[in-house]
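Biologist: Can you take me through the charged pairs in this one? I'll ask as we go.

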Amino acid sequence: MSLRTAIEQRYPHAGAQVPAMRERLIEITQAYLDAGQGDANAEQRLCSTDDFVYWQQLSEVLLGHQLGVAGIAYTHQPVGPDFLIEHEGRRIWVEVITPTPAGIPQSWLGPAGNGVRDFPHEQILLRWTAAIKQKAEVLLGNPTQQTTGYLGNGIVGADDCYVIAVNARLLRGFDGMFCELLGISQFPFAVEATLAVGPIQIRIDRDTLKSSEPEHQQRYVIHKPVGQPVPADTFLDERFAPISAIWAADIDEGSVMDRPAHMLVVHNPQASSPLPLGLLPAQEEFSAGVIDEEHYRLERVDGRTAPLEELSIEVG
């Protein structure tokens, strides 16, 4: 099956904008393949009828397209992460993953009914932590399984940046209509998964019954229905210093028609090779600065796709 046939079959509708989107998507994916920006099986994956296989590959195409729109040149190396950006003498690697919705209730993923539905924020967050863990092991290796990652085998250098790009497209609820980047804390899931930010809470004094000002919980682990709790403090753990940042996105086919894609960057405050602020296309960026042993300040700034404006939020 050719790429054109596969995409035409995947998007068969003849609605107002579908034909134009379909043609543009074929153009962009074909250019991606012709430029050798994907692995040898990239075309096969783009032609797959398996939604999960298709979206894993299409996410690379769409994020690569966003880099190109932003004027950021990149290459795809025969071995190593998906993208290599060379910026001011530094190498910046980007590894892409699209979490599948395993464990997320069908009541969230399925067609919206007339009733109220729960927001399965913990189940969604677990998909973020699993995706980050998987791509962290690709870099660092897994001693338990005796695997050596990109860092150990010299593909990614000690002075290189390594960015994990997560496309949350498959985690959307309500028929895929709403952006899936914000967690229960009202911070992005990428922040909750790496900087131990939990839901907003109010403390009540048992004696006086007076309540505190609203504050965010410090949530270092996420409890699963079965098995061990999952860490949610990756960027507070020095073992993960080789990971420079998370590039979080909720991007789909509409982005090829110049519909803005939701993108943000969360920086690792302990990164051994920090990612330059404002490099990747994103509306927002988040970075943390230490205040004392128990507190840090989370800085939110507009990214390169929006005017720079700073907002400081203390977490502790």
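Biologist: Which residue does R4 form a salt bridge with?
Modeller: R4 pairs with E23, and the closest N and O atoms are 2.9 Å apart. Keep in mind that this is a predicted model.

Biologist: Where do R4 and E23 sit in the chain?
Modeller: R4 is in helix 1 (residues 3-10) and E23 is in helix 2 (residues 18-34), 19 residues apart.

Biologist: What about R10 and D51?
Modeller: Their side chains meet in a salt bridge, 2.8 Å from N to O. R10 lies in helix 1 and D51 in helix 4 (residues 51-69), so the pair ties together parts 41 residues apart in sequence.

Biologist: How many salt bridges are found in the whole structure?
Modeller: Twelve. One of the pairs is E284 with R300, with closest N and O atoms 3.7 Å apart. E284 belongs to strand 10 (residues 284-292) and R300 to strand 11 (residues 295-302), so this pair ties together parts 16 residues apart in sequence.

Biologist: Which residues are linked in a network of salt bridges?
Modeller: R172, D250, D252 and R259.

Biologist: New topic. Which residues form a nonpolar patch on the surface?
Modeller: Y220, V221 and L236, with about 230 Å² of accessible area together. L236 is in the loop between strand 7 (230-231) and strand 8 (245-250).

Terms used
Residues numbered from 1 in each chain as written. Predicted model: local features only at pLDDT ≥ 70, side-chain atom pairs only at ≥ 80, totals over all residues. Heavy atoms only, no water. Patch = residues over 30% accessible without salt bridge, like charges linked within 9 Å, V, L, I, M, F, W, Y side chains within 5 Å. Areas by Shrake-Rupley, 256 points an atom, 1.4 Å probe, with all protein chains shown as cover. Salt bridge = Lys/Arg side-chain N within 4 Å of Asp/Glu carboxyl O. Helix = DSSP H or I, 4+ residues; strand = E, 2+ residues; numbered from the N terminus.
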